[in-house]
Amino acid sequence: MELTRRDVLGALSAAGVGSVSGCSDLLEDGAVGESPTEDDPITDHDVETLVALAEVVYPSGVTEIESFVREYSVVRVREDPTYARGVRETVARLDDYVAEWHDDAYADLSASARADVLEQMAVDTADPDPDGVAGERIRYYLVNELLYAFYASPTGAGLVGLENPPGHPGGTTSYREGPHE
Amino acid sequence: MNSQSGADLDRTPADSRRSSPEPGRTAFDRTPSDRVDVCIVGAGPSGALIAAELSAAGHDVVVLDAGPRFDPADRENEMENHLRPGNPEPLWGMGGERDAYSATGDRHYPLNAARVKGIGGSTLHWQGMVMRLHEQDFELDSAVGLGADWPISYDDLRPYYAAAEEAFSVAGASDNPFSPPRKEPHPLPAFPPSYSDSLFAEACESLGITTHSVPNARNSEATDEAGACVGYGTCKPVCPSGAKYDATRHVDVAEANGARIVDRAPVQRLEHDASGERVTAAVYATPGGEEHRQEAREFVLAAGGVETPRLLLLSESEQYPDGLANSSGLVGRYFMDHLFAGVGGQLDERTRQKHVGFITTESHQFYDRPDDSRTAIKLEFLNYAGPAPADVAMTADSFGDDLLDEIWSAYGNHVAMGALVEQLPRKENRVRLDHSRTDDHGNPVPDVVWRLDDRTRATIRRANEIQRSVLEELGAEITWTVGPDDTGPAFHHMGTTRMGTDPSESVVDSQLRTHDLANLTVAGSSVFVTGGAMNPTLTIAALSLKAADHLAARL
């Protein structure tokens with residue numbers, strides 16, 4: 001199942017950043033620099049980490065995860081400086097934790113090692129809390145943001161039969177249709 | 001305080017987007033106009049419609065509202081607030097010292113979830129369901145010995161219902177065999193039934209229950225005022241596209257006609273003349289801490305079923321120690337709401353929920369009361385049962401393919417029925433002042449005293465019986481029921497300045513003018529004598545258009 005630019009726009013719409021609809025140049029390719037700037041408050045490493053997390057928390061059959069996460073995240077952080085700061089700080093905490101066990105940053109670990117780290121930090125059972133311990137912050141700023149973006153998108157929600165999820169202006173046809181499978 | 005800081009306090013973000021209708025006056029100038037024809041308190045659907053009508057007729061109109069003018073550009077942010085689980089921000093800015101209240105009855109009343117203060121009023125977060133009351137609603141005592149009769153009939157209100165449907169661009173169809181008579185079709189075609197409606201229809205047919213379409217104040221097609229619904233699915237509490245009607249449409253009309261709309265100007269009290277027969281001014285506060293008097297020939301209270309009686313009670317004077325327009329002692333009495341009854345469950349097939357945020361099928365078969373054994377029931381077939389995939393994902397304790405499996409199980413096979421149940425007017429249910437607490441202006445807060453009576457509880461049980469029979473016929477495993485013990489209000493505040501012919505038994509007459517003061521009109525659901533079980537806003541609009549006609553004749 002391929003994530004497309006329509007999914008990015010759908011996810012951004014549900015995230016309250018719907019004004020980018022029809023302005024595809026705003027999405028660009030999700031490129032940011034190596035250091036935070038006023039325009040790009042998170043770095044390329046932060047985005048790589050989000051992509052690495054998405055590859056763990058998204059279903060295995062999903063493709064084009066990197067472009068989806070990049071385009072969504074870059075617009076999202078530009079719209080919300082508080083969220084951007086939270087992402088940056090939480091990625092640093094995640095890497096700090098990983099550094100105690102591995103020589104690499106989280107984004108450079110194998111997929112199975114990345115899943116193991118989330119389990120070790122109890123991110124799967126953590127309550128999302130922007131001010132909590134590391135696992136709770138990772139759940140709030142990183143994992144839940146990624147899950148929200150994915151399952152609020154037409155493709156993500158469409159995997160379970162909801163092509164027009166709440167927050168996505170997908171028209172008034174699908175609600176009349178029967179199951180597709 | 002210097003004038004500049006006062007001006008800044010008075011300015012709202014939306015001010016920069018508009019101009020003032022009065023030459024020489026800035027949009028955020030909240031000083032009063034010279035004596036105008038009409039001063040309206042409240043910029044919800046009632047106040048907005050009356051302002052639009054009277055300004056179109058050439059009258060000078062000022063509308064004062066306690067809340068802000070919300071920027072339409074912020075609606076997507078409001079939607080996000082709503083969609084993200086655990087987001088603590090209150091929608092539409094409700095709460096805090098401004099909106100402090102008490103609820104001292106048997107049942108807690110969650111008042112601040114039930115209303116919006118601001119330009120557009122509670123239509124900013126309403127569901128947008130617009131049905132006419134039935135003929136029986138207007139003569140309930142005569143017909144079955146319940147409640148009381150209205151001083152007007154369905155026929156009296158019928159042309160105003162048609163005008164209200166035009167004003168709201170109602171999408172509907174004439175397929176409801178239980179609806180009262182009508183001459184003209186709805187302005188827009190009805191939204192077709194959903195997939196899950198088709199499942200319900202089959203079960204209902206087996207049980208002899210007739211289903212039909214739902215009139216919606218939501219564009220099924222584009223009009224000059226707004227585009228067609230695009231299916232955001234978050235109608236309540238916010239429609240980002242503007243396809244759902246809200247009263248800012250008629251506020252805009254009124255402003256284009258020259259009416260002046262003043263936001264963040266909570267009216268503190270009404271003043272009357274020495275004879276006690278006419279209101280002379282509405283005294284209102286500004287964000288900068290000033291107090292002003294707006295004088296007018298006619299005054300309209302359109303601040304909803306709680307703030308309208310509260311303002312009358314706050315306007316006590318030496319001549320009227322129990323509050324204005326309260327010689328009957330009934331201001332605030334007979335508070336009513338509709339009660340929710342519901343049953344939900346799961347099928348072993350997909351039901352396609354949450355594609356839209358509104359209802360497309362109902363049954364009014366159990367609406368009219370056969371006798372005095374029960375009140376009215378309006379059955380609803382929901383299109384948004386169960387959680388959305390994102391809701392499940394955010395709280396799940398699995399990731400990847402395991403999470404997808406969990407969401408597959410949790411989303412997609414839910415069904416649910418709701419119902420509105422009528423509560424009859426009872427004197428002990430009331431809105432009064434709580435003198436032990438004050439709001440941000442030092443005024444006593446409203447105290448909502450509310451309890452359920454046995455007949456209402458019995459009707460909720462009856463609604464549950466019908467709902468269970470439908471779900472069982474459908475083959476559903478029933479997983480939840482909202483019955484008489486855990487029911488809640490539908491946020492329709494009614495009855496607190498009831499209409500009638502006898503000044504000792506009512507607050508306003510059939511023209512919606514108070515018995516006590518000749519130039520004071522009360523518009524909105526507070527004048528309802530009984531509440532029926534239909535969502536009230538179409539009747540609010542029809543009554544408001546009727547009141548506007550009477551006002552225009554007097555001006």
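Select helix 5 (residues 81–99) and helix 7 (residues 134–151) of chain A: in this predicted model, their axes come within 9 Å and cross at roughly 125°.

Now show side chains. On the helix 5 side of chain A, pick A:Thr82, A:Tyr83, A:Gly86, A:Val87, A:Thr90, A:Val91, A:Arg93 and A:Leu94. What they meet in helix 7 of chain A is A:Ala134, A:Arg137, A:Ile138, A:Tyr141, A:Leu142 and A:Glu145. Colour that contact by class and you get 8 nonpolar, 3 polar and 3 charged residues.

Staying in chain A, move to helix 3 (residues 44–57) and helix 4 (residues 65–79). Here the axes cross at roughly 130° and come within 9 Å, and helix 3 and helix 4 of chain A are therefore oblique to each other. Which hand does the crossing of helix 3 and helix 4 of chain A have, left or right? It's right-handed.

For the contact itself, select A:Asp44, A:Val47, A:Glu48, A:Leu50, A:Val51, A:Ala54 and A:Glu55 from helix 3 of chain A. Across from them, in helix 4 of chain A, sit A:Ile65, A:Glu66, A:Val69, A:Arg70, A:Ser73 and A:Val74. The class count for this helix 3 and helix 4 contact in chain A is 7 nonpolar, 1 polar and 5 charged residues.

Next, bring both chains into view and look at where they touch. Chain A puts 48 residues into the contact, and chain B puts in 40. Together, chain B and chain A bury about 3600 Å², with 61% of that on carbon and sulfur atoms. How many salt bridges does the rule find across the interface of chain B and chain A? There are 2. To see a salt bridge between side chains of chain A and chain B, zoom in on A:Glu177 and B:Arg352, at 3.9 Å from N to O.

From helix 2 of chain B, show B:Ala48, B:Leu49, B:Ala51, B:Ala52 and B:Ser55, which meet B:His250, B:Val251, B:Val253 and B:Ala254 in helix 7 of chain B. This contact between helix 2 and helix 7 of chain B has 7 nonpolar, 2 polar and no charged residues.

One last stop: B:Glu255, whose side chain meets that of B:Arg69 in a salt bridge at 3.1 Å, N to O. The pair ties together distant parts of the chain, 186 residues apart: B:Glu255 is in helix 7 of chain B, while B:Arg69 is in the loop between strand 2 (61–64) and helix 3 (75–83) of chain B.

Conventions. Residues are numbered from 1 along each chain as its sequence is written. Chains are lettered from A and ligands numbered from 1 in the order in which they are written. This is a predicted model: local features need pLDDT of at least 70, side-chain atom pairs count only at pLDDT 80 or more; totals for chains, interfaces and linings use all residues. Side-chain values use heavy atoms; hydrogens and water are left out. Contact means heavy atoms within 4.5 Å. Helices (H or I, at least four residues) and strands (E, at least two) are DSSP runs, numbered from the N terminus. Ala, Val, Leu, Ile, Met, Phe, Trp, Tyr, Cys and Pro count as nonpolar, Asp, Glu, Lys and Arg as charged, and the others, Gly among them, as polar. Buried area is the accessible area (1.4 Å probe) that two parts lose on being put together, summed over both. A salt bridge is a side-chain nitrogen of Lys or Arg within 4 Å of a carboxyl oxygen of Asp or Glu. Axes are lines fitted to C-alpha atoms, for helices over the stretch in contact, and angles run from 0 to 180 degrees between N-to-C directions. Angles under 35 degrees count as roughly parallel, over 145 as roughly antiparallel, 65 to 115 as roughly perpendicular and the rest as oblique. A crossing is left-handed if the near helix is turned anticlockwise from the far one by less than a right angle, and right-handed if clockwise.
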